[in-house]
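Take a look at the model below.

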Amino acid sequence: MILETERLILKPYEVEFADAIYEVVKHREIADTMVMIPHPYPREIVDRWISYLQKSFEQGTAYEFAVFLKESGRYIGNCGLVAVSKNHRNAEVGYFIDVSEWGNGYATEACKKIIDYGFQEHQLNRIYSRCMVRNIASRKVMEKSGMVWEGRHRQEFLKENVYEDMDYLAILAEEYFKGKLI
């Protein structure tokens, strides 16, 4: 399944995207505010990550998409539903965008599309996201995507020997569909 927005194309991951992915994830700025992305990011991990994403997609435990610019076809990041719980009909939305494209609204555009996908294609009831408190830009993406602040988990993650507080935001299906009727 391929998803489209005004400026983006979101595609399930393929092996041939590996070199382009590495060019994005190798930057310290990406790893700095991401819980699961290390720095340095060895190139060989990208291939294993793609395989993991493909299996997760097939199993329905995550639906992550490679984000490309429509105009140029260039890979600029990732957006998708992770930690999908079919029993509870919820999932976390996660994303990252190439440092060179920060501030262009691509994360928000992709995130809104993934929220649509989660509620419309997978009949989820709740979609949430989380970010390090210091990642103000990511929190703004969540808010612009319709999520509301639910709370803060203090010292939830240890990143490079520093405990990080995490803010949680979410949107419920009833809020999403109510907004679509307006």
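The paragraphs below go from helices to pockets and end at single residues.

This is a predicted model, in which local features need pLDDT of at least 70, side-chain atom pairs count only at pLDDT 80 or more, and totals for chains, interfaces and linings use all residues. Residues are numbered from 1 along each chain as its sequence is written, and side-chain values use heavy atoms, with hydrogens and water left out.

Start with helix H3, residues 43-59. Helices (H or I, at least four residues) and strands (E, at least two) are DSSP runs, numbered from the N terminus. H3 has 17 residues and reaches 25 Å from first C-alpha to last, close to the 24 Å expected at 1.5 Å a residue. The expected span is 1.5 Å times one less than the number of residues. Val46, Trp49, Ile50, Leu53 and Ser56 of H3 are buried. Seen down the axis, the buried residues of H3 fall within an arc of 130°, so they line one face of the helix. That arc is taken over the directions from the helix axis to the C-beta atoms. Buried means under 20% relative accessible area, exposed over 50%, and partly exposed in between (1.4 Å probe, protein chains only).

What covers the buried residues of H3? The cover includes helix H1 (18-25) and strands S3 (63-69), S4 (75-85) and S5 (90-97). Turned away from the buried side are the exposed residues Arg48, Tyr52, Glu58 and Gln59. Just after H3, Gly60 takes a positive phi of about 80°.

Helix H4 (106-121) comes next. Its 16 residues should span 22 Å at 1.5 Å a residue, and the end C-alpha atoms are 22 Å apart, which agrees. In H4, 12 of the 16 residues are buried, so the helix is largely enclosed by the rest of the structure. Among them are Tyr106, Cys111, Ile114 and Phe119. Thr108 also sits in H4. Thr108 is buried, at a relative accessible area of 11%. Leaving aside neighbours within four places in sequence, Thr108 is in contact (heavy atoms within 4.5 Å) with Val141, Lys144 and Ser145. Just after H4, Gln123 takes a positive phi of about 50°.

Now the pockets. On a 1 Å grid over the protein atoms alone, a pocket is an open set of points where a 1.4 Å probe fits, with protein on both sides within 12 Å along at least five of seven lines; lining residues have an atom within 4 Å of a point. The largest pocket holds about 1,100 Å³ of space. Its lining has 42 residues, and Thr33, Met34, Gly94, Tyr95 and Phe96 lie nearest the centre. S5 gives the largest share of that lining, six residues.

The second largest pocket holds about 180 Å³. Lys112, Ile115, Asp116 and Tyr176 are among the residues that line this pocket. H4 and helix H6 (173-181) each supply at least two lining residues. The largest share, four residues, comes from H6.

Finish at His153, in strand S7 (residues 148-159). At 37% relative accessibility, His153 counts as partly exposed. His153 and Asp167 are 14 residues apart in sequence and 6.5 Å apart in space, C-alpha to C-alpha. Not counting residues up to four places away in sequence, His153 touches Glu164, Asp165, Met166 and Tyr168.

Definitions and conventions:
Grid points are joined across faces, edges and corners, and a volume is the space filled by probe spheres set on the points.
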